[in-house]
Amino acid sequence: MKITKVRAILTAPDGIALVVVKVETDQAGLYGLGCATFTQRPTLVARAVDEYLDPLLQGRDPANLEDLWHMMYVNSYWRDGPVLNNAISGVDMALWDIKGKVANMPVYDLLGGKCREAAMVYRHADGRDPQEVLDNVLRYREEGALAVRCQMGGYGGRVKEITRANARPGPAAPQATHRMQAPDEPEGNFPGAYYNPDVYARSVIDLFEYVRGKIGYDLFLLHDIHERLAPIDAIRMAKALEPYRLFFLEDPLAPDQVEWFRRLRDQCATPIAMGELHNNALEWRPLVAEQLIDFIRAHISQIGGLTPARKLAALCESFGVRTAWHGPGDVSPIGHAANLHLDLACHNFGIQEVIHFGEPLQEVFPGTPELRGGFLWPNDKPGFGVDLDEQKAARYPISIPPIQWTQSRWPDGTIWTP
Ligand code: GCO
Ligand code: MG
């Protein structure tokens, strides 16, 4: 069998730019699909696939995916970046999809079979104040969720541009973190998504005190600091949250702050999750080998696909670290399926992040995993079991406006990791 074509497909059915790679073969009707979604730079990933990986892979045998992974990885000589890793991931997952179809097996069977029927997930609750967050938590509990991540005032995408003129506390969002008055300087110099780390840090403690006070402890709760605090304040928050027994506290520190993870671990027992920003082994090895984290959160396409992710899962297992693969809106349904197949096959599965799959998304991607109760369910079809309707995908072109939310600034204008 030979690879005949490797193509990137860009689509945004639910309004979020997704990148999918299709690997076609010389066997009629046999192709594979993989996720290469780097939603902040989608066209760059597509170019890496179309201009570099397609000519490189044409004529190769798709069966040798381990060799092909390493060949793609070192082919650019310089390696390990978000654009190239996502491009490689798209091809890698597509080759696993083909291998499953050829073997007439779901990918989880190629990985050793199921350890469980479905993957426990966590849902995303947000709100402008603790009561609004609680309302959303209760709604998910009604739907059968066993775990809910609680954020307040949003981070990332929900931040509309805050200018110095309108950065004032308001009745609509008394607790929101992004309404802090900024020092009186000409506005034009430092526009951005302003927030106050101290207000944020204190509001989160209030939030969990409120929610636990109302629902007790029969639901797992999670929170994502999203590297929005200075290291010592992250430690202070992790300690203050201990009484509320979080399932995990995510991204307390930036990936390059390994030393601070050692300080954090020495000071508190709040379970720590980390990894969505990781690109390579140098970033996760010390955290896993020194048991400084409890859950690995890698964005599978960001590290190069299923091939490196299954090895990362095995490494984590030997150090007692569980998996919690990154699964937000900027992962395509094929990426969600790859997460799920690993979740089913790995003994050290912890929990799976998931989003609501909108109708347009499910139409464009028939076979999207099913979210039912508090679990994500596979369809047990060969490969990843997810297809792509290219005609429907073309109805949802991507747009790439300049990104606002990553222009996160402290009240004095200092830009901070988003
Ligand atoms: C999460 C993440 C996301 C990221 C987003 C970036 O835990 O799900 O933090 O919300 O911010 O994927 O594009
Ligand atoms: Mg996160």
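**Helix crossing, cavities and a pocket**

The structure, a predicted model, holds two cavities of 30 Å³ or more.

Reader: What makes the second largest cavity count among those of 30 Å³ or more?
Author: Its volume does: about 50 Å³ of space lies in there, and the cut-off is 30 Å³. As for being a cavity at all, a 1.4 Å probe fits inside but cannot get out.

Reader: Which residues line the second largest cavity, and how do they divide by class?
Author: Cys35, Thr37, Met93, His299, Ile300, Ser301, His326, Val331, Gly335 and Asn339 line the second largest cavity. That gives four nonpolar, six polar and no charged residues. Gly335 is in the lining, and Gly goes with the polar class here.

Reader: Why is α3 called roughly perpendicular to α10?
Author: The axes of α3 (residues 82-103) and α10 (residues 306-318) cross at roughly 85°. Angles of 65 to 115 degrees count as roughly perpendicular, so α3 gets that label against α10. The two axes also come within 8 Å.

Reader: How do you know that α3 and α10 meet, and through which residues?
Author: Contact here means heavy atoms within 4.5 Å. On the α3 side, Asp92, Met93 and Trp96 take part, and they meet Leu306, Thr307, Pro308 and Arg310 in α10. The contact divides into four nonpolar, one polar and two charged residues. Met93 turns up again in the lining of the second largest cavity.

Reader: What lines the second largest pocket, and how much space lies in it?
Author: About 240 Å³ of space lies in that pocket. Its lining is Arg212, Tyr217, Leu219, Phe220, Leu241, Glu242, Arg245, Leu246, Phe247, Ala269, Thr270 and Pro271. By class, eight are nonpolar, one is polar and three are charged. Tyr counts as nonpolar in this scheme, so Tyr217 of the lining goes in that class.

Reader: Where is the pLDDT below 50?
Author: The chain has a mean pLDDT of 93, with 92% of its residues at 70 or more. Over residues 159-183, though, the pLDDT is below 50. This stretch still has 60 contacts in the model beyond near neighbours in sequence. Where pLDDT is low, the predicted coordinates should not be read in detail.

Terms used: Residues numbered from 1 in each chain as written. Chains lettered and ligands numbered in written order. Predicted model: local features only at pLDDT ≥ 70, side-chain atom pairs only at ≥ 80, totals over all residues. Heavy atoms only, no water. Axes fitted to C-alpha atoms, helices over the stretch in contact; angles between N-to-C directions. Helix = DSSP H or I, 4+ residues; strand = E, 2+ residues; numbered from the N terminus. Parallel < 35°, antiparallel > 145°, perpendicular 65-115°, else oblique. 1 Å grid on protein atoms, 1.4 Å probe; cavity = no way out; pocket = protein on both sides within 12 Å on 5 of 7 lines; lining within 4 Å. Points joined across faces, edges and corners; volume = space filled by probe spheres on them. pLDDT = per-residue confidence, 0-100.
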